[in-house]
Amino acid sequence: MKHFGAENIKNIAIAGHAGSGKTSLAEALLYKAGAVDRLGKTADGTSVCDYDPEEIKRKASLSTALASFEYNNIKVNLLDTPGLFDFAGGMYEGISAAGTVMIAVSAKSGVKVGTEKAYELAEQMGKSKMFVITKVDDQDANYYNVLTELKTKFGPTVCPVIFPVIKDHKVVSFVNLIEMKAYTYDDKGNAVETEMPTAELSEKLEYRMDGLVAAFSEAVAETDEALMEKFFEGEEFTQKELVHGIHKGMNEGIITPVVCCSSTTTAGIDMLLKEIELLLPAPSDNKPAMATDANDDIVEIEYDEAAPLSAFVFKTVADPFVGKMSFIKVISGVLKSNTEYINTKTDAPEKIGKLYNICGKKQTEITEAYAGDIAVAVKISAATSDTICDASRKVSYPETEFPKPCYRMAVYAKAQGDESKISAGIQRLTEEDKTLSYDMDTFTKEQIISGLGEQHLDVAAAKLKAKFGADVVLKEPKIAYRETIRKKVKVEGKHKKQSGGHGQYGHVWIEFEPCLSDNLVFEERVFGGAVPKNYFPAVEKGLQDCMKSGVLAGCPVTGLKAILVDGSYHPVDSSEMAFKTAASIAFKEGLKQADPTILEPIGKLTVTAPDDNTGDIMGDLNKRRGRVIGMNPASKKGMTIIEAEVPMREMQSFTTQLRQITRGRGSFSFEHLRYEQLPGNLVSEVILAVDKD
């Protein structure tokens, strides 16, 4: 096995908006580097990175795929991340493990929300960035418009390095500003050097060339004082200075190079591979990773293979055949197979068995992985965001913060007896996908699965069936309504039964009144021994049992105070069971007379959305019977935080609606706050729905 040090490894996450050509770009890079012998296509289901049956079926990436390959004595770990917002967890995983984020932007559709999200997450995680404008050979492409959009949106750090020469809406050649050379490509994607284009090709070309060269040179000059001095003196930079300047600028976050290519013809892909080799920072160039040591002190960990091992599990895959696969980025030291380490999250030993290099679904066994590299271990107990390290130096890396699940559905088995399969399967899926959660609603007794959207849960259900043999139906969750009373009443409950021998006799008078407690408040004010004390617990137990089901819709009862004031007993026929039954009779009659009503759960909603969309969101909340409590500027420029109180029954479609209103820029959190009276016009609807169930 070839040894790649931290200076010869490039960890690249390919991110961007859905449909921007990320997987096709990864495929073209693999093909051009000789890692695969044919150019697969997403549309045909033949790509290396989209190999899951659900990805092939939906023709889209649903999780992050790793594809490792060698090129010119460097090792490249490509992490192809999903662009669909429902599968944003994959983008978080991929970017957390990468050194550089390669953001794909379609030359047809330009800068989209997914472009912005990928850029922001890369910034947030301190990663270097590169824009790759794809589909430049499409007849509807407009490279220069997209470049202008990038500069407008992301500022002066945007620096073109490779650009297309276009005549009559067709790409004539590609110009590499580092080499100051132009290349044409044949049908097989092979490059041939050609003359640099002139203004004869297009009247605007000379102006554009001059502008691009000036912007490129200025961006490089910003990275070094000596280069800045040379720039002001009007001297041209050498190729070595240009490469060094961009490499340094990328690592410091002050240059974001822009290249372009066609993934279908592989035109420009060879130049992109060269830029990956020359420009993209290796782990050895990156800042040290921050960790917490055994004393809870912050420490810096260098990418040094001579240091004790420390590694971070950034992704987990639940494979029913291979077992659990843990994707591990080695930060320091050497990760070795058949070696025992410490999991600092659980403080338990972690035995690494077999290690693999991964290229899509192809696995190549290895014996060790060095600092800066990515490897996959199978059948270990570590979970996503766990740290594995040598016992001689215990450190913990910060956990990746994933988006919180916001779309809920109830899970029901299609076939009886599959409940255990469902529970085990979902547990494995939640290990794999940290944006999925699964719990039992203690009030409705439904199993609830939560994710980032409707498509997310549909895919989870499909995986449950395909991987774990659990066929499920997803239904809208029931709302945990409550019942209560609005006035004070005094009622009698008498249970009298004679059936030969000992009879049954229990007799109570109970006052019922509203109160603020969630649970039953029971008191007794019996005088003269009308009801013996030894029957008080039976009366209370009878009432407690009845609290589980009200008289309107059979919902649990809340806010009820019961006072036992009078009654009678029989020395022979009275028993605890008789008084328990009498209490339940009084309960049912009392609630009917005490003006019963239904309460609905109200939640606190916190929405973060663009300033321009606040009006539409508040209009939508009004339709949902929401009450806006306040609006405040968010920490991110151009965003507003809206706080509101909204009935839970109105929130099921809010995830989809917010995404439509904000085009995916908005996010929200929702938590239970209290119960309030359900409007009268909805009471009959709730009663009918419960009867139907």
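**Helices, sheets and salt bridges**

Reader: Which helix is E229 found in?
Author: The segment to look at covers residues 225-232, and E229 falls inside that helix. Helices here are DSSP runs of H or I with at least four residues, strands are E runs of at least two, and both are numbered from the N terminus.

Reader: What should I keep in mind about the model and the numbering?
Author: It's a predicted model, where local features need pLDDT of at least 70 and side-chain atom pairs pLDDT 80 or more, while totals for chains, interfaces and linings use all residues. Side-chain values use heavy atoms, without hydrogens or water, and along each chain, as its sequence is written, residue numbers start from 1.

Reader: Is E229 buried or exposed, and at what relative accessibility?
Author: The scale runs from buried (under 20% relative accessible area) through partly exposed to exposed (over 50%), using a 1.4 Å probe and protein chains only. E229 counts as exposed, because its relative accessibility is 52%.

Reader: How much of the protein chain counts as buried?
Author: The chain has 16 helices and 37 strands, and its C-alpha trace spans about 110 × 55 × 50 Å along the principal axes. Of its 693 residues, the share that counts as buried is 53%.

Reader: In the open sheet with β13, β12 and β24, what is the strand order?
Author: Pairing (at least two DSSP bridges between two strands) is antiparallel in this three-stranded sheet. β13 (298-301) and β24 (395-396) each pair on one side only, as edge strands. β12 (residues 289-293) meets β13 through four bridges, with A291 facing V299 as its bridge partner. Put together, the order is β13-β12-β24.

Reader: What is the bridge partner of Y438 in β27?
Author: Strand β26 (residues 437-440) runs antiparallel to β27 (residues 447-451), with four bridges between them. Across the pair, Y438 is bridged to I449.

Reader: What phi does T266 have?
Author: T266 sits in the loop between β11 (256-260) and α9 (269-278). With a relative accessible area of 2%, this residue is buried. Most residues other than glycine have a negative phi. T266 isn't a glycine, yet its phi is positive, at about 65°.

Reader: Which loop does D595 lie in?
Author: D595 has a positive phi near 55° and isn't a glycine either. Its relative accessible area is 36%, so D595 is partly exposed. The loop in question is the one between α13 (576-593) and β34 (596-610).

Reader: How far apart in sequence are the parts that E432 and K467 tie together?
Author: Their side chains form a salt bridge (Lys or Arg side-chain nitrogen within 4 Å of an Asp or Glu carboxyl oxygen) at 3.6 Å, N to O. E432 is in helix α10 (residues 419-432) and K467 in helix α11 (residues 454-468), so the linked parts have a sequence separation of 35 residues.

Reader: Which residues do salt bridges with shared partners join into one network?
Author: Start with E600 and R625, whose closest N and O atoms are 2.7 Å apart. E600 is buried at 2% relative accessibility, whereas R625 is partly exposed at 26%. R649 and E685 also meet in a salt bridge, at 2.8 Å. Through shared partners, the network takes in E600, R625, R649, E650 and E685.
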